[in-house]
Amino acid sequence: PLGVRGWWTQTGPAVAACRSECAAVGCSGCRNALIALLCLPDVNECGILPQACQGDMQCINQIGGYRCIPAGLYDRPFRPNSPALPELSYPDADPDRTADVFLPGRPRSVEPSYPRVSSPLLCTLGYAPAADGTCNDVDECETNSHHCNPTQVCINTAGGYTCSCTEGYWLIGGQCQDIDECRYGYCQQLCANTPGSYSCSCNPGFNLNPDQRTCQDVEECEEEPCSHGCINTYGSFMCNCDEGFELAADGTSCIDWDECSFSEFLCQYRCVNTPGSFSCICPPGYYLYEDGRSCEDINECDTGNNTCTTQQVCFNFQGGYICLNPLQCQPPYVAVSDNQCMCSAENPDCRSRPFTILYRHMDLSSGRTVPADIFQMQATTRYPGSFYIFQIQSGNDGREFHMRQTSNVSATLVLARPIKGPREVVLDLEMVTVNNVINFRGSSIIRLTIYVSEHPF
Ligand SMILES: [Ca+2]
Ligand SMILES: [Ca+2]
Ligand SMILES: [Ca+2]
Ligand SMILES: [Ca+2]
């Protein structure tokens with residue numbers, strides 16, 4: 001059988017094991033190719049090579065090679081040290097021509113009792129006479145008298161020689177051909193066949209083990225290649241990033257997410273990107289609500305963080321506050337409370353003027369949706385037979401407001417158009433009292449100051 005018989009990590013016992021197995025299965029022999037042993041099919045060179053052995057040499061096929069031995073010796077016991085019998089019929093034989101005149105001996109059951117002569121000595125083919133009168137083996141490999149193929153290696157044997165192949169080659173058709181170890185899966189990953197040998201290598205992400213055959217995953221994370229987290233994988237590694245970061249195109253560094261670019265609704269006012277996160281900020285006059293994104297007005301009047309004097313009244317509005325000075329009524333008006341001026345009916349100058357002026361303040365968000373009811377008016381004293389007319393007397397040049405009467409005695413100020421801050425609007429809202437029974441017509445004013453915030457919150 002052809003092929004790999006098994007993997008061996010050591011050569012000595014492995015060679016012996018392979019050989020015994022090969023003998024059992026009738027395979028030609030074992031080749032120790034660095035780390036593995038092959039059972040090779042034997043080729044009968046004697047059958048396919050026309051001139052495997054020359055002259056009278058007989059070709060004997062052997063496992064993994066063939067042997068040239070003198071004809072006639074093959075079928076009798078091999079006795080290399082027995083001197084050949086003298087041939088009396090050739091008394092003048094030239095010792096140099098022993099190979100030419102060699103006649104194969106026949107097996108004899110009884111040794112002849114001819115007297116022995118020391119010279120001339122005749123030796124069987126493959127042996128030459130030595131000085132001590134014995135026949136010594138001819139080293140055909142040393143004397144270059146062998147007929148091994150140039151690809152083969154000559155191995156001298158007693159009375160002959162063997163043509164064999166060096167490690168990493170096998171004999172095919174009388175030629176030593178390189179074993180393509182790669183075909184037999186010698187390497188775990190990459191294999192490069194070379195004449196007489198082979199070499200293994202590994203894919204990127206693997207290192208060759210000391211056995212020069214198997215590959216070991218590289219623990220890339222030990223080199224800390226990732227800016228955040230690292231996960232070793234078989235043959236590679238992966239980087240991951242902390243929350244709020246994403247992996248860059250290089251696969252190792254982490255880029256902060258710009259959460260602010262995801263949506264313009266993350267923050268009520270302004271988003272500030274930070275490494276791994278983001279934060280919302282608020283304009284002056286506001287603080288960041290506990291939800292982290294809304295802005296709440298700072299009530300400077302409540303916190304005391306204002307510049308109002310003790311004479312002034314602090315009025316808070318969205319995004320700011322104002323210090324209101326003590327009421328000062330313009331003559332002929334006189335103050336009747338801290339927010340109301342009155343023109344006395346007895347005073348002739350007051351006849352064409354509103355009877356009272358009430359000062360009120362309110363705040364309004366910039367860009368508030370419309371229409372919106374923002375202020376209520378109501379008659380506080382009702383005379384029988386009277387009716388009331390509510391109207392905006394001044395301050396409505398932009399026609400943002402209108403007055404809607406809700407009953408005989410009340411009306412609502414309606415914001416009809418969007419109004420942008422920061423702005424301060426002063427409206428004089430007039431309530432006219434008409435009593436035709438007593439032929440009375442009089443008015444009173446609410447002077448409403450509206451602080452429109454800069455921001456829509
Ligand atoms: Ca090879
Ligand atoms: Ca790895
Ligand atoms: Ca970020
Ligand atoms: Ca405020």
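This is a predicted model: local features need pLDDT of at least 70, side-chain atom pairs count only at pLDDT 80 or more; totals for chains, interfaces and linings use all residues.
Local features need pLDDT of at least 70 and side-chain atom pairs count only at pLDDT 80 or more, whereas totals for chains, interfaces and linings use all residues. Residues are numbered from 1 along each chain as its sequence is written, and chains are lettered from A and ligands numbered from 1 in the order in which they are written.

**View 1. Overview of the protein chain.** The protein chain holds 4 helices and 34 strands; these are DSSP runs numbered from the N terminus (helices H or I, at least four residues; strands E, at least two). Of its 457 residues, 24% are buried, that is, with 20 or more other C-beta atoms, placed from the backbone, within 10 Å of their own.

**View 2. The open sheet β4-β5-β9-β8.** In this order, 4 strands form an open sheet with antiparallel pairing; two strands pair if DSSP finds at least two bridges between them. β4 (57-62) and β8 (153-157) are at the edges and have a single partner strand each, so one side of each lacks a neighbour in the sheet. On average, neighbouring strands of this sheet are turned by 25° against each other, direction ignored (axes are lines fitted to C-alpha atoms).

**View 3. The pair β5 and β9.** Strand β5 (residues 65-70) runs antiparallel to strand β9 (residues 160-164), and 3 bridges join them. Arg-67 has Thr-162 in β9 as its bridge partner.

**View 4. The hairpin of β20 and β21.** Antiparallel strands β20 (residues 270-274) and β21 (residues 277-281) are joined by 5 bridges. Val-272 has Ser-279 in β21 as its bridge partner. The hairpin has 2 residues between the strands, and Gly-276 takes a positive phi near 85°.

Conventions. Axes are lines fitted to C-alpha atoms, for helices over the stretch in contact, and angles run from 0 to 180 degrees between N-to-C directions. A residue is buried if 20 or more other C-beta atoms lie within 10 Å of its own, exposed if 12 or fewer, and partly exposed in between; C-beta atoms are placed from the backbone.
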